[in-house]
Amino acid sequence: MIISHRHRFIFLKTQKTAGSSVELALSEICGPEDVITPMNAVEREDDPARRGPQNYHVPPAYRPLGAALLHRMGARARKSGFSYFQHMPAALVRRRMDPAEFDSYRKVTIVRNAWDREVSLYFWATRKLDEKPSFEQFVRRRVWRPEMKTFEIYSINGKSVADTVMRYETLAEDFASFVGSLGLDHVPVLPRAKGSFRTKAKRDYRDFYTDESAEIVRRRYAREIDLFGMTF
């Protein structure tokens, strides 16, 4: 995730939505005071134009947080400080930065058709397994599924806080529009990070589903499906 004080926006990074590609591109327009959280070796691509992880750990001696915020952080956080991290929920981001600053900054995120995203999650989560479950088994059993809390990343108390929502399906256009709205002439190129796990990318995501598994996904992600009018 990114907190850009230079451009007054917060990028709330959702899962399986090309968030790593957007984060890499946005790092090119970040300033030295902006927060950029670490990415793993698979995600990060070396490019001198991009900033690496920076300012994501806040030491305990950082008193500008204010006494009230330090108190809310709890004894452990006051002693050791705290870190911002990938896929950090908006509610926690707000608690760890100045709430007034959070409220005044533009919140940016990415959403993706939930059924398509579940197929992407399947290929990523099973990429290292010698014996892979079928997609139907994957959807039904949590033993293979990493917890996916995408809605919680851009919402607080069940309500979306995102001011700008980029759609995965129109990401290049939406990203260019967002960067342009910042008053920047140059639009960074979106790299393709972590794009090699879905080996059957040409196959329509709907081909993976039965009526039952499609309904499971609809119930599982009902809040964002309803919020953005997603359809199977």
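Which residues of the largest nonpolar core touch the most other members? I kept that question at the top of my page while I looked around.

**Ground rules.** I am reading a predicted model, where local features need pLDDT of at least 70, side-chain atom pairs count only at pLDDT 80 or more, and totals for chains, interfaces and linings use all residues. Residues are numbered from 1 along each chain as its sequence is written, and side-chain values use heavy atoms, with hydrogens and water left out.

**Confidence.** I looked up pLDDT, the predictor's confidence in each residue, from 0 to 100. The protein averages 86, and 81% of the residues score at least 70. Over residues 63-70 pLDDT stays under 50, and the model has 11 contacts there beyond four places in sequence; a contact means heavy atoms within 4.5 Å. Where pLDDT is low, the predicted coordinates should not be read in detail.

**The sheet.** I traced an open sheet of 5 strands in the order β3-β1-β2-β6-β9, with mixed pairing. β3 (35-36) and β9 (164-167) are at the edges with a single partner strand each, so one side of each has no neighbour in the sheet. Strands here are DSSP runs of E, at least two residues, and helices are runs of H or I, at least four, numbered from the N terminus. Two strands pair if DSSP finds at least two bridges between them. Strand β1 (residues 2-4) runs antiparallel to β3, joined by 2 bridges, and I2 stands opposite I36 in β3.

**One residue up close.** I picked V111, which is found in strand β6. V111 is buried, with a relative accessible area of 1%; buried means under 20%, exposed over 50%, and partly exposed in between (1.4 Å probe, protein chains only). Beyond four places in sequence, V111 has contacts that include Y154, V165, F228 and M230. I225 is 114 residues away along the chain, yet its C-alpha atom is 9.9 Å from that of V111.

**Back to my question.** A nonpolar core is a set of buried Ala, Val, Leu, Ile, Met, Phe, Trp, Tyr and Cys residues joined through side-chain atoms within 4.5 Å. The largest one has 42 residues, and I3, I10, Y84, V93 and Y209 touch the most other members. Helices including α3 (90-96) and α9 (211-220) each supply at least two residues, while α5 gives the most, with 6. I also checked I3: among its contacts beyond four places in sequence are I10, Y84 and V93. Apart from this core lies another of 17 residues, among them I2, F9, I29 and V179.
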